[in-house]
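Subject: Structure handover, with notes on its side-chain contacts

Dear colleague,

Please read them with the structure open beside you.

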Amino acid sequence: MTEQEALEVARKQIRAENAAYMREWRKRNPEKDRAIRNRYREKLKAKRKEGKSKACEAVSQCG
């Protein structure tokens, strides 16, 4: 196994361990997880709305 392959395997292992930890964390902290997801959703909505308003300004039409 080359050094590059070893690093790839190690990254996959770390990623798998982190995913397992996060699944457990979400089970233990459903309120915090919900709050984080809601903040992220609101942030995306704001970005989309901002993008639409910029597009409207460029075309000089909003509908």
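Before the contacts themselves, one term: a polar contact is a pair of N or O atoms within 3.5 Å, where within protein one atom must be able to donate a hydrogen and the other to accept it, and where residues adjacent in sequence count only if both atoms are side-chain atoms. By that rule, the side chain of Asn 38 makes a polar contact with the side chain of Arg 41, at 2.7 Å.

Please keep in mind that this is a predicted model, in which local features need pLDDT of at least 70 and side-chain atom pairs count only at pLDDT 80 or more, whereas totals for chains, interfaces and linings use all residues. Residues are numbered from 1 along each chain as its sequence is written, and side-chain values use heavy atoms, with hydrogens and water left out.

As for the chain overall, its secondary structure consists of two helices and zero strands, where helices (H or I, at least four residues) and strands (E, at least two) are DSSP runs numbered from the N terminus. The accessible surface is about 6100 Å², and 54% of this belongs to carbon and sulfur atoms; such areas come from the Shrake-Rupley method with a 1.4 Å probe, and for residues only the protein chains shown count as cover. Of the 63 residues in the chain, 6% are buried, a term that means under 20% relative accessible area, with exposed meaning over 50% and partly exposed lying in between (1.4 Å probe, protein chains only).

Turning to charged side chains, a salt bridge is taken as a side-chain nitrogen of Lys or Arg within 4 Å of a carboxyl oxygen of Asp or Glu, and by this rule there are four salt bridges. In general, side chains of opposite charge can pair when their charged atoms come close.

Arg 37 and Asp 33 both belong to helix α2 (residues 30-59), where they are four residues apart, or about one turn of the helix. Asp 33 counts as buried because its relative accessibility is 14%, while Arg 26, at 32%, is partly exposed, and Arg 37, at 43%, is likewise partly exposed. Leaving aside residues up to four places away in sequence, Asp 33 touches Trp 25 and Arg 26, contact here meaning heavy atoms within 4.5 Å.

Another salt bridge joins Glu 42 and Lys 45 (3.8 Å, N to O), and these two residues sit three residues apart in helix α2, about one turn of the helix. Glu 42 is partly exposed at 48% relative accessibility, and Lys 45 is partly exposed at 42%.
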